[in-house]
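Visitor: Could you take me through one part of this fold up close? I'd like to hear about the strand pairing in particular.

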Amino acid sequence: MKFPLQTLALALVLAAPLHAAEKQQFIDDEISVTVRDAPSNNAGYLGVVKSGDEVTLLESLGPESFARIRTASGTEGWVTARFLTDTPAAADRLVKAQADLAAAQARVEELQSALAQVSGELDRLQPAVELSQDNDRLRTRIATLEQETEAVVQQYNAQKARRKTLLTGAALVGAGVLGGLLLPWLGRNSRRRRYGDF
């Protein structure tokens, strides 16, 4: 009777680590499908196709029956139809997605490099842009100064013409005054000469 208790205790001790060793596992998606020479599970063996292999569908007896296929190597035979799908295997799609991701990352790096180059070029051209803006401001200022100069020249010409008119008028007035002063004097002298001749 002691022996069965010891066996039971030993079984309990051994069972404890088995329970502690549990971990999550997954079923592998790598499957193999047998290619047969007729649409039957008992038909002769022609070979195996694995998940991800590309085959050509020649004939189907329905989704829950068999389908006749041609493998990439040219072998024609029958497989269970439910294992055929229009999309590549997940592992193949993952490889393509990873390749697309790598290409996209390379493109992003290329675009970032181009952006850095353009930013550097803009930084290098910034003084030229600022000079261009300064030139535009100077051109505007020159145009304004030219307009102001033209206005001053017109004022000067108007004042010059006014001065000339004033000088001409002053000369005429001066000549008139001088004439007014000289005429009576000349008139007296000419009378004296006339009277003096007698």
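Guide: Start where β4 meets strand β5 (residues 76-80): five bridges join the two, and they run antiparallel. Strands here are DSSP runs of E, at least two residues long, and helices are runs of H or I of at least four, all numbered from the N terminus; two strands count as paired if DSSP finds at least two bridges between them. Across this pairing, Arg68 stands opposite Trp78 in β5. The two strands make a hairpin with five residues between them, and Gly74 in that turn has a positive phi of about 100 degrees.

Now look at β4's pairing with strand β3 (residues 56-60), where four bridges join an antiparallel pair. Here Ser60 has Ala67 in β4 as its bridge partner. This is a hairpin too, with five residues between β3 and β4, and Gly62 in the turn shows a positive phi of about 125 degrees.

Keep in mind that this is a predicted model: local features need pLDDT of at least 70, side-chain atom pairs count only at pLDDT 80 or more, and totals for chains, interfaces and linings use all residues. Residues are numbered from 1 along each chain as its sequence is written, and side-chain values use heavy atoms, leaving out hydrogens and water.

On pLDDT, the predictor's confidence in each residue from 0 to 100, strand β4 (residues 66-70) has the highest mean among the protein's elements, 92, while helix α1 (residues 2-20) has the lowest, 56. For the protein, the mean is 80, and 79% of residues reach 70 or more.
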